[in-house]
Amino acid sequence: MSKLSKQLLALVLALAMLLSLAACGGGNNSSAPADGEGKAEQTGEATQSAEGEAEPQAEGEARANMVYATSTFGQKFSTFFATTAYDMEVVDLTTGSLLAADRGGAIVEKGIEGESREYNGTDYTYYGMGDVEIVQNDDGTVDYNLTMRDDIKFSDGEPATIDDVIFSVYVLCDPTYDGSSTIYALPIEGMEAYRGGMESRGNAIFAAGPDGYTANDGYTEEQYNAFWDFYNNNSGAALAQEIVDYCIANGYNAAGDSVAACAANWGFEGLADDATTQDFWDAIVAAYPSEEEAEATESAGSTRLQLTIAALGADYETGISTGESAANISGIQKTGDYSMTVHMTQFNAKAIYDMGFPIAPLHYYGDPAAYDYDNNQFGFTKGDLSGVKSKNTQPLGCGPYVFDGYANGVVTLSANPYYFQGEPAVKTILMQESVDSDYVPGIVQGGFDLAVPSINDETVKAIQDANGNGELVGDAITTYLIDYRGYGYLGINADLVNVNGEPGSDASKALRKGFMTLFSVYRDTVINSYYGDRAAVIQYPISNTSWAAPQPADEGYQTAYSVDVDGNQIYDPSMNEEQRYEAAKAAAIGYFKAAGFTYDEAAGKFTDVTQTYEVMIPGQGQQDHPAYGVAVAASEVLDSLGIKLQVNDVGTSVWNNALESNTAMMWAAAWQATADPDMTQVYSSANAHGNGTNSNHYSVDDAELDQLIVDGLSKSDLEFRKSVYKNAMEIIMDWGVELPLYQRKDCTVVSTARVNVDTMPKDMTPYWGWYAEIQSMELQ
């Protein structure tokens with residue numbers, strides 16, 4: 001699988017943790033239209049046991065059990081250590097967090113009393129378990145003043161206080177913590193001093209190297225040898241096994257569950273049918289100059305070091321002293337029974353998302369006798385998280401549901417009577433493992449009530465057939481289409497598509513905008529034909545799910561590449577499709593003239609364009625990609641103008657290698673979005689021309705854009721940041737290096753007969769899913 005795909009996987013995992021700690025599913029979010037809405041009455045017809053067998057419901061008895069179809073659990077249901085999206089859903093429903101997020105993913109600062117925000121033309125009021133006040137100090141430091149509700153109880157009836165939050169923070173910041181959270185990377189005062197001077201035994205052995213044991217107090221020669229024996233001989237196979245497990249869990253196994261089949265889906269074809277994970281690892285290593293590069297590029301999430309430590313157990317996870325270490329994190333300051341302050345040495349706009357700390361019960365995950373804030377004791381022995389990890393399979397929290405158990409592929413949750421917004425009406429949720437292809441049939445047949453299937457032609461047809469009306473909403477199934485947290489685009493490398501080797505010149509920008517103008521006009525027709533209702537064309541290089549995305553009602557909002565070289569509108573509302581095509585062609589001619597090409601008016605062609613341009617579409621040679629039709633349509637017009645654009649439909653590996661080596665002139669791809677719209681990785685000149693993270697494949701090198709990216713991270717005010725990012729996006733478009741293509745849709749499907757659809761959340765988003773208002777959801 002490509003390095004880009006790995007980057008996206010990392011984003012997925014980071015987002016999953018974000019949602020667990022701060023967003024809609026954390027068991028602490030609620031919203032309602034500002035004018036309020038009533039609830040429908042609850043009726044029902046069937047229940048299901050924890051073993052997954054349907055049980056009859058007494059006639060007239062209200063349904064209280066709901067069956068949710070999901071995928072294979074990793075069985076780490078801890079707020080601290082869950083990694084898979086499916087485990088994280090369990091965490092979301094059972095654990096509370098200090099801060100809530102709205103439908104755009106932005107943090108709600110006044111959750112205790114409620115905060116009203118507009119979304120899609122409706123004002124919603126959001127509630128949460130806490131408030132946050134951000135104070136930027138004159139010396140450049142910043143304080144996050146956090147306050148939690150004083151009436152929170154855990155599902156066992158024990159009251160929650162800020163000590164539970166502080167305990168949670170110290171778990172996440174322990175020197176041996178190896179979960180998904182990266183709170184410890186924030187510039188919190190005293191963090192480095194606290195984490196320094198200690199590391200896990202496994203990390204210490206790895207740092208010592210494989211050349212031979214040297215006597216020390218941290219580990220024995222036997223431990224040293226056991227570590228390197230596994231690392232050298234088994235860790236590669238363990239990494240390959242994780243890839244296989246990932247493919248199976250995420251449905252990338254249409255050809256089967258064998259190692260060879262999963263390897264092929266990961267981009268390594270040709271393995272024998274009886275290949276082992278060691279064979280898979282050997283194939284991976286053979287494709288790279290070194291094992292280190294192979295691991296960094298192909299990992300499904302874990303490093304060989306992490307897999308070695310996990311395989312060898314607690315002795316290698318335990319911290320050992322390597323020098324001096326502070327007794328506390330000076331920037332984590334308790335200010336009251338229900339309040340605390342996080343003091344950071346510098347402002348970081350993205351830090352707000354990390355302030356939604358879990359409210360995890362100290363009395364359950366830790367040891368109350370070992371907690372004494374004033375004496376630097378925080379509920380566990382520093383460097384030893386074994387007690388916390390021992391609860392990975394049996395979570396407890398203050399979310400809307402109580403974890404009852406996992407058995408036979410089913411997680412059973414029961415309504416929490418102490419939930420701060422009231423005990424949910426759905427008394428039991430059965431989260432049943434299944435496969436994506438069975439989700440919709442399971443709802444039709446009565447085995448499932450709700451699911452989140454992959455939406456494709458087969459899924460759409462199955463829903464339409466079940467409803468009998470050719471629609472996605474009917475008597476059998478109600479479908480909710482939700483914008484995916486990312487978008488597809490066409491990109492141009494300015495270093496390779498320019499005039500006279502000057503990527504930032506006006507002539508070079510005009511050249512690229514000529515291509516983009518033609519690409520742009522064919523988006524509506526092609527994207528609608530490819531996706532139908534499953535995607536929509538977008539106009540700015542940002543996911544519509546982001547709070548920073550420009551909206552049609554905003555001043556200055558316009559269609560991408562819809563003005564000509566003189567700044568005039570290319571289209572008017574009266575134009576039909578063919579007239580729009582001709583208008584785009586005329587505008588493109590104007591841009592190419594501005595680029596310096598010679599146009600023969602009589603022949604209707606440019607006479608001096610000798611270069612052949614290329615656009616790479618990763619359609620696997622099957623022409624199966626939403627951008628393929630756009631590129632072909634534009635290439636035909638360009639050919640008529642005397643400009644050659646070669647459309648190459650290539651495999652993923654060829655496409656990825658071209659991107660990583662910055663040799664792709666033009667290409668189609670998709671970005672995955674996180675809640676914060678920081679543009680540094682993708683558009684900063686520090687990451688262009690193969691420098692930095694080598695992730696600015698557009699080769700945009702613009703000082704004004706760089707400054708806007710910095711400015712966008714300088715303040716906490718969302719309206720200020722939104723304005724800054726709008727200006728930044730206009731510069732990106734002016735460079736003519738990116739054309740937003742489409743915003744794909746995800747979907748949630750429910751049984752119309754068994755779920756009261758009037759109680760489902762309105763205006764669902766990736767940050768406000770089906771269980772965002774679970775306390776109000778009802779069955780019938």
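Predicted model: local features only at pLDDT ≥ 70, side-chain atom pairs only at ≥ 80, totals over all residues.
User: What lines the largest cavity?

Analyst: Its lining consists of 13 residues, and E109, I134, I352, S716 and L718 are the ones nearest the centre. Sorted by class, the lining of the largest cavity has nine nonpolar residues, one polar residue and three charged residues.

User: And which residues line the second largest cavity?

Analyst: They are T176, A314, E317, T318, G383, D384, L385, S386 and K389. Two nonpolar, four polar and three charged residues make up that lining. Helix 12 (314–317) and helix 14 (386–389) each contribute at least two of the lining residues.

User: How is a pocket read, and how much space lies in the second largest pocket?

Analyst: A pocket, unlike a cavity, is an open set of points. The second largest pocket holds about 1,100 Å³ of space. Its lining runs to 44 residues, with E118, Y119, N120, S546 and Q551 nearest the centre. Strand 8 (115–119), strand 23 (477–483) and helix 24 (718–734) are the elements that give two or more residues to this lining. Strand 23 gives the most, with five residues. By class, the lining of the second largest pocket has 21 nonpolar, eleven polar and twelve charged residues.

User: Which residues have the most contacts inside the largest nonpolar core?

Analyst: A nonpolar core is a set of buried nonpolar residues joined through side-chain atoms within 4.5 Å. The largest one has 93 residues, and those with the most contacts inside it are F80, Y144, M340 and V342. Helix 3 (residues 162–172) supplies the largest share of this core, eight residues. Another core, of 52 residues, lies apart from it and includes F515, F519, Y613 and M666.

User: What does Y144 touch?

Analyst: Leaving aside residues up to four places away in sequence, Y144 touches V132, E133, I134, M340, T341, V342, M344, F347, N348, A351, I352 and M355. Two of these contacts, M340 and V342, are listed with Y144 among the residues with the most contacts inside the largest core. I134 and I352, also touched by Y144, are among the residues nearest the centre of the largest cavity.

User: Where does A415 sit, and is it buried or exposed?

Analyst: A415 is found in strand 20 (residues 410–415). Buried means under 20% relative accessible area, so A415, at 10%, counts as buried. Its contacts, not counting residues up to four places away in sequence, are P400, Y401, V402, E423, P424, V426 and K427. A415 and Y316 are 99 residues apart in sequence and 38 Å apart in space, C-alpha to C-alpha.

User: How many salt bridges are found in the whole structure?

Analyst: Side chains of opposite charge can pair when their charged atoms come close. A search of the whole structure finds 22 salt bridges. One of them joins E115 and R117, at 2.9 Å from N to O, and both residues are buried. D102, E115 and R117 are linked in a network of salt bridges.

User: Which parts of the chain does the D678 and K350 pair link?

Analyst: The D678 and K350 side chains meet in a salt bridge at 3.0 Å, N to O. D678 is in the loop between strand 30 (666–672) and helix 22 (680–683), while K350 is in the loop between strand 15 (339–344) and strand 16 (358–359); the two are 328 residues apart. K350 counts as partly exposed because its relative accessibility is 35%.

Methods. Residues numbered from 1 in each chain as written. Heavy atoms only, no water. 1 Å grid on protein atoms, 1.4 Å probe; cavity = no way out; pocket = protein on both sides within 12 Å on 5 of 7 lines; lining within 4 Å. Nonpolar A, V, L, I, M, F, W, Y, C, P; charged D, E, K, R; others polar. Helix = DSSP H or I, 4+ residues; strand = E, 2+ residues; numbered from the N terminus. Points joined across faces, edges and corners; volume = space filled by probe spheres on them. Buried < 20%, exposed > 50% of the residue type's maximum accessible area, 1.4 Å probe, protein only. Contact = heavy atoms within 4.5 Å. Salt bridge = Lys/Arg side-chain N within 4 Å of Asp/Glu carboxyl O.
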